[in-house]
Amino acid sequence: MGHADWIDDAADTSRLGLQKAQSAARRGLDHLADGVSEARDAVAPVLRNMRSGVSQVRERTVGYVRDEPVRSALVAVAVGTLVFALWHLLSSRSNSR
């Protein structure tokens, strides 16, 4: 067996190895795509339910604001003040480090 035969055998072995690696990569990508598809199908009903729930909450909130505008404004001011106070407290703690 000469050098040329050895080089041809090495090239054939390399090609076979690359083909096996490509095949394994394709199978892995197919498996991943199947998993993503299954996850999307499983999550779709949950997302529909969440959208429905958010829509109901939004409708109730709009109705409450329409029925109780002064109380709604006072609640909004109170929540805004609380958020500002928490933000101020946390930012002053991070600046003191």
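User: Is Asp12 buried, exposed or partly exposed, and what is its relative accessible area?

Analyst: This is a predicted model, in which local features need pLDDT of at least 70, side-chain atom pairs count only at pLDDT 80 or more, and totals for chains, interfaces and linings use all residues. Residues are numbered from 1 along each chain as its sequence is written, and side-chain values use heavy atoms, with hydrogens and water left out. Buried means under 20% relative accessible area, exposed over 50%, and partly exposed in between (Shrake-Rupley method, 1.4 Å probe, with only the protein chains shown counting as cover). On that scale Asp12 is partly exposed, with a relative accessible area of 41%.

User: Which residue meets the side chain of Asp12 in a salt bridge?

Analyst: Side chains of opposite charge can pair when their charged atoms come close. A salt bridge here is a side-chain nitrogen of Lys or Arg within 4 Å of a carboxyl oxygen of Asp or Glu, and a search of the whole structure finds 1. The N to O distance is 2.6 Å, and the partner of Asp12 is Arg15.

User: How many residues apart are Arg15 and Asp12 in helix α1?

Analyst: Helices are DSSP runs (H or I, at least four residues), numbered from the N terminus. Arg15 is partly exposed at 47% relative accessible area. Arg15 and Asp12 are separated by about one helical turn, because their spacing in helix α1 is 3 residues.

User: Which residues form the negative surface patch?

Analyst: Patches are made of residues with over 30% relative accessible area and no salt bridge; like charges are joined within 9 Å, and nonpolar side chains (Val, Leu, Ile, Met, Phe, Trp, Tyr) within 5 Å. Asp and Glu count as negative, with the charge placed at CG of Asp or CD of Glu. One member, Glu38, lies in helix α1 (residues 3-67) and is exposed at 57%. The patch consists of Asp30, Asp34, Glu38 and Asp41.

User: Leaving aside neighbours within four places in sequence, which residues is Ser72 in contact with?

Analyst: Ser72 sits in helix α2 (residues 69-95) and is buried at 13% relative accessibility. Contact means heavy atoms within 4.5 Å. With those neighbours left aside, the contacts of Ser72 are Tyr64 and Val65.

User: How far apart in space are Arg71 and Ile7?

Analyst: Arg71 is in helix α2, partly exposed at 49%. Arg71 and Ile7 are 64 residues apart in sequence, and their C-alpha to C-alpha distance is 86 Å.

How values were computed. Helices (H or I, at least four residues) and strands (E, at least two) are DSSP runs, numbered from the N terminus.
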